[in-house]
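Please look through the model shown here with the following explanation at hand.

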Amino acid sequence: MEASRLAATNEPDAEKAFFVADLSQVYKQHERWQRCLPGIEPFYAIKCNPDPYVLRLLASLGTGFDCASNGEISQVLKLGVDPSRIIFANPCKATSFVKNAAKAGVDMMTFDNVDELYKIARVHSGAKLVVRILTDDSKSLCRLGLKFGAPLVTVPGLLAKARELRLDVIGVSFHVGSGNFDSNAFADAVIRARTAFDMGKEAGYDFQLLDVGGGFEDANFEPTAAILAHALDIHFPDRQRLRIIAEPGRFYVSKAFSLAANIIARRARNADGSSDAEMDADQPSVMYYINDGVYGAFNCILFDHQKVHPRVLSLHGSFHVPASEPLGACSVWGPTCDSIDCVCPVTHLPSGLQVGDWLGFDNMGAYTICAASQFNGFEVSNVIYTTGGGCGAAEVRSSLAAFAKAGYGL
């Protein structure tokens with residue numbers, strides 16, 4: 001099956017970009033979590049990727065869920081998940097959201113300020129509260145501490161106010177930041193959590209929950225798990241009554257999703273007869289335009305500080321790409337009429353790429369689909385599910401065939 005023939009079809013959006021999701025990767029990551037952190041319950045952070053099949057799989061595996069809104073809570077409850085397997089891990093919630101959580105039986109929720117305590121006391125006095133403390137997230141991709149987390153110096157006052165309002169505080173949570181490659185950040189956070197536990201005892205509480213948050217990266221997961229486990233052994237040696245949970249997101253889904261995008265246009269230096277003097281010498285000689293961009297799946301470039309790397313799926317209309325093909329400097333752009341829509345400012349791809357050829361992007365499962373928009377009228381890319389292999393040529397061929405069966409005219 002030739003890519004050029006597929007792209008030449010007269011059906012609308014025949015060359016539309018699409019995700020290939022391998023749910024077996026999610027299962028493998030769960031096994032890896034259980035192997036490395038057997039004493040810590042994962043509560044999957046839905047905001048990372050709310051794909052319904054991912055959630056269904058994780059629900060069947062018995063994970064918990066980290067929700068931040070009514071919508072996310074509703075999505076999980078519809079799967080038959082017990083409310084006790086949900087933590088409403090948004091320290092600053094709308095009053096109506098707290099009311100709905102109470103009606104749904106979702107009691108466990110975080111806070112980091114006095115105003116939140118007054119709000120919860122009014123509409124959900126039976127909540128099981130978790131105080132979220134501030135940690136050092138300076139080495140993370142997304143510093144959540146800029147928005148959430150109570151400095152330790154404020155914790156005694158917060159707990160005193162909770163006691164005054166007759167609220168039940170059951171534990172402590174922290175988050176070292178999304179995408180944190182510094183494993184030692186977890187050790188430092190555990191020390192701070194230990195201090196918060198001691199403050200809880202002084203305030204008359206007997207904490208029984210520790211939430212170690214998210215920030216787990218696939219590349220250094222084993223060292224991070226070892227450091228975290230060691231810190232827990234040192235600072236929480238007597239853990240018979242302590243429940244420990246975490247909020248992993250990208251760790252579970254990043255590798256499970258790949259994206260296939262079609263080259264819809266191409267601009268080459270001097271192709272219009274201009275001279276080199278008229279061209280910017282710092283710019284790549286070829287610009288490729290694909291049918292997904294930073295307003296779609298590649299919003300991760302803007303919001304999640306990611307750098308993506310394309311690979312060739314088809315060349316000259318064939319899915320068999322010679323390894324010896326010479327490479328040239330180029331740039332890759334999204335489809336919208338906005339100059340910010342740049343996927344790769346500089347990369348190296350075979351110079352013979354044509355309109356209708358396909359590019360693949362790996363590790364596209366985290367913070368991509370969830371924040372994609374339809375800016376400029378471009379639709380969000382669909383998802384094709386497979387088992388094993390990711391987004392290679394064989395998967396693209398089979399996925400294109402699946403698109404045809406689904407009525408996309410391929």
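In helix H7, which spans residues 155-164, the buried residues are Val155, Leu158, Leu159, Lys161 and Ala162, where buried means under 20% relative accessible area, exposed over 50%, and partly exposed in between (1.4 Å probe, protein chains only). Viewed down the axis of H7, these buried residues fall within an arc of 160°, so they line one face of the helix; the arc is that of the directions from the helix axis to the C-beta atoms. An α-helix has 3.6 residues a turn, so residues three or four places apart point the same way. The cover over the buried residues of H7 includes strand S5 (108-111), helix H6 (114-123), strand S6 (128-132), strand S8 (168-173) and helix H8 (184-202), with contact meaning heavy atoms within 4.5 Å. Helices (H or I, at least four residues) and strands (E, at least two) are DSSP runs, numbered from the N terminus.

The model is a predicted one, in which local features need pLDDT of at least 70 and side-chain atom pairs count only at pLDDT 80 or more, while totals for chains, interfaces and linings use all residues. Residues are numbered from 1 along each chain as its sequence is written, and side-chain values use heavy atoms, with hydrogens and water left out.

Helix H2 (residues 23-36) packs with H3 at an angle of about 35°, their axes being 10 Å apart; axes are lines fitted to C-alpha atoms, for helices over the stretch in contact, and angles run from 0 to 180 degrees between N-to-C directions. The contact is made by Leu23, Val26 and Tyr27 on the side of H2, and by Tyr53, Val54, Leu57 and Leu58 on the side of H3.

H2 also meets helix H9 (residues 221-235), and the axes of H2 and H9 come within 10 Å and cross at roughly 30°. Here Arg32, Trp33 and Cys36 of H2 meet Phe221, Glu222 and Ala225 of H9.

Lys47 lies in the loop between strand S2 (41-45) and helix H3 (52-60), and it counts as partly exposed because its relative accessibility is 40%. Cys337 is placed in the loop between strand S15 (327-333) and strand S16 (342-350), and Cys337 is exposed, with a relative accessible area of 76%.
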